[in-house]
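Here is a short report on one protein chain. Look at the model first, then read on.

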Amino acid sequence: MNLRQNPPVRGNDYRVLRPGEDFTPSLTVSVIIPAYGGQDKLDLVLAALARQTYPAALTEVIVVDNGSSPPLRLPATRPEGARLIACPQPGRANARNAGLAEATGDVIHWLDSDVVLTPGAIEAHMRWHHAAPYLVVTGYIRFTEARVPTELPADLEEHFEPAEPHAWIVDLVERTDGLTANPQRPFSLHVGGATSVGARLIEAAGPMDDELILGQDTEMGYRLGQAGAVFVPEPRARAYHLGPTMRMRDKESIDRVSHAFVADRIPAYRWLRSHPSRQWKIPYVTVVVDGTAGYDSVRATVDALLAGTVPDLSVLLLGPWDELDRERRAPLKDPDLDLVLVHGHYQHEGRVRLASAEEVDPATPFVLRLPPGWIPGEDTLARLLDLARDEGLGLVAVLLRESSQGVVAARLERRSAFARARMVADGDPDDLDDVVDAVSGVSWVEGETYGFTTEAAPLLGRRGAYRARVEAQAEAERLAKEADRLRAQVSKWKDEATRWRRTAVELRRDVSTLRRQLAAANRAQQSLRTLLSATMKRALGRRLRG
């Protein structure tokens with residue numbers, strides 16, 4: 001693979017792709033429109049699609065009637081080959097999945113049935129998709145309150161303006177320099193109103209989650225990101241939304257419902273996972289450990305992981321568990337005794353899964369591959385995750401031991417970076433880690449620095465941690481009271497010192513006055529002595545002369 005000919009996108013900085021203005025269209029696009037009622041708006045949406053500058057021969061339009069009564073119909077003004085299918089199962093996710101099952105395009109373009117595209121919108125999307133197969137492109141929607149016309153106006157801007165921008169998306173794009181400044185959640189850009197996605201990405205990520213009541217767009221955006229997607233805002237792909245959205249009308253209630261469900265499915269939404277110990281459908285990190293390396297070594301590693309400061313994790317223990325003899329008549333002589341002990345010790349632990357092959361949910365953001373016998377400190381995993389997240393790293397390799405026999409290392413892998421690397425390498429990775437370095441970054445750290453050891457220490461249980469916290473709080477309160485007492489004492493001393501300073505100033509003033517008075521008295525005394533001496537001399541002189 002030649003990375004110079006195929007420049008990889010690092011993080012979400014898509015600017016390296018630089019799609020050409022004079023590209024030759026070759027990719028097909030399937031526009032999927034779920035619809036429930038609103039025939040008048042749908043007619044305008046289809047008329048706008050008939051005006052698109054992207055070749056009609058490369059465009060298919062699939063309208064999915066999601067149980068409308070009366071049933072929807074295709075108007076006379078519509079794109080060539082547009083077709084209407086029915087999906088009786090209610091819900092936008094079901095309708096979109098039904099359209100997806102019929103789609104044949106290289107690119108899938110989601111479009112709502114009340115969003116009117118400007119003529120060059122699809123072409124603006126497709127220009128990017130010709131540059132790379134792993135892009136999610138979102139257009140700029142403006143919300144208009146203009147009356148819904150019976151026919152599509154020749155000048156959309158003249159009829160639908162003034163209109164309001166999609167303020168949340170505009171803010172997200174502006175504060176992240178167009179989503180290029182290593183945003184933590186670029187997948188939030190995936191909105192179903194006017195977004196296009198490479199079909200390979202959807203194949204890797206899977207269809208819409210039809211179990212969700214709300215939040216399907218964001219959840220699918222997250223899985224697309226896990227599959228290696230780069231998210232691109234395209235201001236030239238403009239559209240008008242006919243009226244306000246449901247979210248604009250009742251954001252607080254919608255967020256309340258959405259957050260209750262997406263917390264289980266989007267580990268990146270850390271603020272929704274504030275509970276200190278509960279489990280979630282998709283863990284934030286899965287730790288893969290070889291379960292065949294001996295009971296004591298495996299237990300020391302796994303127990304330390306389960307007792308660490310990252311409760312949002314799962315442990316995958318690999319081993320031939322299905323091959324264990326279930327009829328052990330002489331267990332102490334069993335050659336597989338250590339495997340039996342590992343299996344028995346963890347088979348009922350909810351955060352540990354025993355499997356014969358590595359099967360990690362692709363929605364899990366991070367995987368840590370840890371050699372058994374190496375024991376992480378209580379906060380080790382959290383520190384490694386912080387390093388990977390803060391620096392946007394695709395791989396943190398931890399050097400545990402280096403000797404003449406080779407290197408022993410742990411690996412914290414960001415799943416989305418490895419998925420992107422595989423797409424960039426296009427099935428020809430000479431060294432996948434090098435490609436990961438190009439798309440996300442690789443860092444080596446010392447295991448000792450991050451708290452890895454080979455000596456198991458007593459684990460602080462939850463009650464022990466509670467007691468330690470209570471004692472620490474009591475000590476903190478005692479120290480706070482003592483600090484208050486000392487502050488009061490210091491304040492008293494400061495007041496006394498102020499009084500002493502004032503007294504000292506007054507004493508210095510009195511001493512100065514006394515010194516002046518003493519000096520005046522000395523001068524008067526000296527004058528008196530001089531006068532007395534002169535008088536005595538004159539009196540003595542008179543006596544001597546007489």
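## Terms and source

A residue is buried under 20% relative accessible area, exposed over 50%, and partly exposed in between (1.4 Å probe, protein chains only). This is a predicted model: local features need pLDDT of at least 70, side-chain atom pairs count only at pLDDT 80 or more, and totals for chains, interfaces and linings use all residues. Residues are numbered from 1 along each chain as its sequence is written, and side-chain values use heavy atoms, with hydrogens and water left out.

## Pro165 in its strand

Pro165 is partly exposed, because its relative accessible area is 35%. Pro165 sits in strand E7, residues 163-165. Helices (H or I, at least four residues) and strands (E, at least two) are DSSP runs, numbered from the N terminus.

What does Pro165 contact, leaving aside its neighbours within four places in sequence? The partners are Ile141, Arg142, Phe143 and Val170. Contact means heavy atoms within 4.5 Å. Leu84 is 81 residues from Pro165 along the chain, and their C-alpha atoms are separated by 30 Å.

## The whole chain

The chain holds 15 helices and 16 strands. Its C-alpha atoms fill a box of roughly 160 × 85 × 50 Å along the principal axes. The radius of gyration is 39 Å, whereas a compact globule of 546 residues would have one near 24 Å. That radius is taken over C-alpha atoms, and the globule rule is 2.2 Å times the number of residues to the power 0.38.

Of the 546 residues, 45% are buried. Take the contacts between residues at least 6 apart in sequence: 74% of them join residues at least 24 apart.

## Strands side by side

Two strands pair if DSSP finds at least two bridges between them. Strand E15 (residues 406-414) runs antiparallel to strand E13 (residues 366-369), with four bridges joining them. In this pair, Phe366 has Arg414 as its bridge partner.

E15 is also joined to strand E14 (residues 395-403), by eight bridges and again antiparallel. Here Val396 is bridged to Leu412. How many residues lie between E14 and E15 in their hairpin? There are two. In a regular strand the side chains alternate between the two faces of the sheet.

## A covered helix

Helix H13 (residues 415-425) is mostly covered, with nine of its 11 residues buried. Among them are Phe418, Arg420 and Met423. The cover includes helices H6 (199-205), H7 (216-226) and H14 (432-439), together with strands E9 (230-242), E14 and E15. Asp426 follows H13 and has a positive phi, near 55°.

Which peptide bonds are cis? One runs from Ser69 to Pro70, with omega near 5°. Pro70 lies in the loop between strands E2 (59-65) and E3 (83-86). Another joins Glu161 and Pro162, where omega is about 0°. Pro162 belongs to the loop between helix H4 (156-160) and E7.

Arg18 is not a glycine, yet its phi is positive, about 50°. Arg18 lies in the segment before strand E1 (29-35). Arg18 counts as exposed because its relative accessible area is 70%. Asp177 also has a positive phi, near 50°. Its place is the loop between helix H5 (167-175) and strand E8 (194-198). With 48% relative accessibility, Asp177 is partly exposed.
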